[in-house]
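Please read them with the structure in view.

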Amino acid sequence: MKKIVHISDLHFGRVNETVAGGLLHDIKGIAPDLVVVSGDLTQRARNAEFEQAQKYLAQIDAPKLIVPGNHDIPLFDIFRRFLAPLTRYKRFITSDMQPIYLDNEIAVLGINTARSFTWKDGRISLAQMAAMKDSLCSLGPALMKIVVTHHPFIPPPGSAGVKLVGRALRALDIIDECSIDLLLAGHLHDAYSADIRTYYSKRKRSLIVAQAGTAISNRTRSEPNSYNLIYAENNYLQIEERRWNEKEFTSNQITNLRKENEEWIKVENKAV
């Protein structure tokens with residue numbers, strides 16, 4: 001069973017330093033197999049912010065899979081926004097725009113959904129869908145397959161009018177074809193998890209979505225800083241939302257799921 005820490009929306013430039021230190025301490029105690037960062041490492045895509053993000057992530061002793069968010073593209077610097085949108089991200093964080101982590105239990109693919117023209121809203125391109133198919137469809141059923149984006153596939157429960165990732169339905173066709181089990185994202189600063197069919201009721205296949213809140217920024221909106229701790233193996237998922245309580249990160253909600261006949265079903269707690 002693999003331990004995956006899923007953090008998102010760090011927003012260096014608007015970081016709560018106390019929370020940032022608490023997160024490093026919490027992750028060190030967990031000793032994850034993989035840390036997933038689903039975008040918005042910075043607030044305004046400035047050199048100093050990327051440098052801070054780089055130094056912070058270097059303190060986490062674990063493999064990392066990172067994708068950019070819309071805030072990692074300059075907003076007001078029009079020249080950079082349209083001609084060199086992710087130059088600073090590539091210089092300080094990673095030049096890999098389609099990172100993949102693969103071992104004998106999980107396959108995790110990152111997809112960059114940040115775009116210069118729409119800025120806030122994200123999209124998945126046809127080329128990215130083809131690459132996802134090439135990377136994941138050929139992998140056997142023994143692996144749990146996970147896709148990471150910044151922009152979400154489903155809105156928070158009870159919310160209306162939330163803009164979702166562009167071409168979601170076309171991407172979901174490939175996701176189903178490749179038997180992908182879990183989608184990780186951020187962007188909304190709202191932590192929640194659900195089956196994809198809670199929103200796309202006509203989808204036939206069971207697929208779990210886990211959204212992360214903002215891990216360490218002071219842009220907390222309606223809920224405290226949080227991140228996801230995920231335990232994953234072939235037919236089992238535990239998704240734990242860990243929230244900041246003004247002193248430390250503690251468990252807020254745990255969802256346990258087991259796959260039975262290709263259907264993800266909630267089950268009672270399992271010791272991990």
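Q: Is E49 buried or partly exposed?
A: This model is predicted, and in it the relative accessible area of E49 is 7%. Buried means under 20%, so at 7% E49 counts as buried.

Q: Which residue forms a salt bridge with E49, the closest N and O atoms being 3.6 Å apart?
A: A salt bridge needs a side-chain nitrogen of Lys or Arg within 4 Å of a carboxyl oxygen of Asp or Glu, and the closest N and O atoms of the pair that includes E49 are 3.6 Å apart.

Q: How many residues apart are K2 and E105, which form a salt bridge?
A: The closest N and O atoms of K2 and E105 are 3.8 Å apart. K2 is buried at 13% relative accessible area, while E105, at 23%, counts as partly exposed. K2 belongs to strand β1 and E105 to the loop between β4 and β5, so that the pair links distant parts of the chain, with a separation of 103 residues.

Q: What is the distance between the closest N and O atoms in the salt bridge of R197 with E263?
A: R197 lies in the loop between β8 and β9 and E263 in strand β13, 66 residues apart. Both count as partly exposed, R197 at 22% relative accessibility and E263 at 28%. Their closest N and O atoms are separated by 2.4 Å.

Q: Are α5 and α6 roughly parallel or roughly antiparallel to each other?
A: The axes of helix α5, residues 126–136, and helix α6, residues 168–177, come within 10 Å and cross at roughly 5 degrees. Angles under 35 degrees count as roughly parallel, and the two helices, α5 and α6, are therefore roughly parallel.

Q: How many nonpolar residues does the contact of α5 with α6 have?
A: From α5, the residues L126, M129, M132 and K133 meet R170, A171, I174, I175 and E177 of α6. By class, this contact has no polar and 3 charged residues, and the number of nonpolar residues is 6.

Q: Is the disulfide of C137 and C178 left-handed or right-handed?
A: The search for disulfides across the whole structure finds 1, which joins C137 to C178 with an S to S distance of 1.9 Å. C137 sits in the loop between α5 and β6, and C178 in the loop between α6 and β7, 41 residues apart. C137 counts as partly exposed at 25% relative accessibility, whereas C178 is buried at 1%. The torsion about their S-S bond is about -85 degrees, so the disulfide is left-handed.

Q: Where is H189, which has a positive phi although it is not a glycine, found?
A: The phi of H189 is about 60 degrees, and S179, in the loop between α6 and β7, also has a positive phi of about 60 degrees. S179 counts as partly exposed at 37% relative accessibility, whereas H189 counts as buried at 2%. H189 is found in the loop between β7 and β8.

Note on methods. Residues numbered from 1 in each chain as written. Predicted model: local features only at pLDDT ≥ 70, side-chain atom pairs only at ≥ 80, totals over all residues. Heavy atoms only, no water. Axes fitted to C-alpha atoms, helices over the stretch in contact; angles between N-to-C directions. Helix = DSSP H or I, 4+ residues; strand = E, 2+ residues; numbered from the N terminus. Parallel < 35°, antiparallel > 145°, perpendicular 65-115°, else oblique. Contact = heavy atoms within 4.5 Å. Nonpolar A, V, L, I, M, F, W, Y, C, P; charged D, E, K, R; others polar. Disulfide = S-S within 2.5 Å. Buried < 20%, exposed > 50% of the residue type's maximum accessible area, 1.4 Å probe, protein only.
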